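User: Please take a close look at one part of this model, the ligand site. Which residues are around the ligand?

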Amino acid sequence: MNSSVSMAAKLLGAMLIGCMANLASAKDMVLAEVHPDGHVIVTAEALFAKRFAELTQGEVKVDLKTGGKLGNETQSWAKVRDGSIDIVRINCAELAKDVKSIQFLSLPYLFRSRDHMWRVLDGDFGKRADAEVEKNGAIVLAYYDSGTRSFYTSKKPIRSRADFKGMTIRIQNSPVYKDLITELGATPVVIPYNDVTEAFKTGKIDGAENNFVSYMESGHYKYAKYYSMDEHSSVPEVLLMSKKSWDKLTPAQRKAAQDAAHESAELMKKLWADAEVAAAAKVKKEGAVIIEKGQMNFTGIEEFAVRLYSKYIQDAADLNLVLGIMRTK
Ligand code: BDP
């Protein structure tokens, strides 16, 4: 071989190796999260990232962007749909405006217990919801616990429906919550989670609602010390991958994503109950006033719930879906 031919062969070899290396190269993904480090959900996500990397022998690396660095939940859901963010963890309430079946999850008093919720999500309803989410551009990797949500207020506690009158309550970006607050007699205002503290400080809102863990981790308890345990809803969290990112994965990498997500959801189930107890104890110690369920007057609550359910159940198919949830053993 003359020297210029051998030179060309070497170059071709180097290029081929380069191409092959590229094919097998690591995929860097980002995961958007509004909670700060230290929130139990970030612990679960860290396990997801670790296991996803391990199960793909380092082919996929997930970078956790916590504390809302990549935007609020409405923005990051839009970015996951258009493929500019690979993975996001949001609350299902955020999907209500786009995914029909998921909107039912925000209806008040839907689940009898955590176990009931898990059986619904693991059953036919979950399959249907996953397919609808996929049509909206994302793959459901896992659902996570989010406990039950209750109201908290700054000036006076909520003990009955009458107390909502005249109050402005912060809500997530969800039509169901908008109607829920309006039906209760208060004024809803959509504010991204990470701006709620400021809204309390400036007096823009009188109340908000969340589970104990987020109430504590966000520091909202410092501005709204009355936590009224009405436990109106249990809307789960969801870990989603952009369909565009999913389509770039090999079948083995997809399985690894699902297995890693499943492991992290199982960890979250174990951690959640303790996290709730610890959060409740901490806010109490720091001066929050907890109004127990038994200290609240629920008169008229059925009428309010019926009106809300009637608005969202529009046809026989919707009714069947909601009855299916309720009848799940
Ligand atoms: C928290 C959820 C988070 C929501 C937040 C909220 O984990 O996804 O954004 O509530 O109320 O509990 O916006």
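Around the ligand sit Val-34, Glu-73, Ile-90, Asn-91, Ser-146, Gln-172, Tyr-193, Asn-210, Asn-211, Ser-214 and Glu-237 (C-beta, placed from the backbone, within 6 Å). The model is predicted: local features need pLDDT of at least 70, side-chain atom pairs count only at pLDDT 80 or more, and totals for chains, interfaces and linings use all residues. Numbering runs from 1 along each chain as its sequence is written.

The shell splits into 3 nonpolar, 6 polar and 2 charged residues. Here Ala, Val, Leu, Ile, Met, Phe, Trp, Tyr, Cys and Pro are nonpolar, Asp, Glu, Lys and Arg are charged, and the others, Gly among them, are polar.

Two domains supply the shell. Domain 1 (26–146 + 236–277) and domain 2 (149–234 + 282–327) each give at least three residues; the bounds come from an automatic or database domain assignment. Their C-alpha centres are 23 Å apart. Where they touch, 30 residues come from domain 1 and 25 residues from domain 2 (contact: C-beta atoms, placed from the backbone, within 7 Å).

On the domain 1 side, helices H3 (73–82), H4 (100–103), H5 (114–122), H6 (124–135) and H11 (251–285) give two or more residues. Helices are DSSP runs (H or I, at least four residues), numbered from the N terminus. This side of domain 1 has 14 nonpolar, 11 polar and 5 charged residues.

Key:
Contact = placed C-beta atoms within 7 Å.
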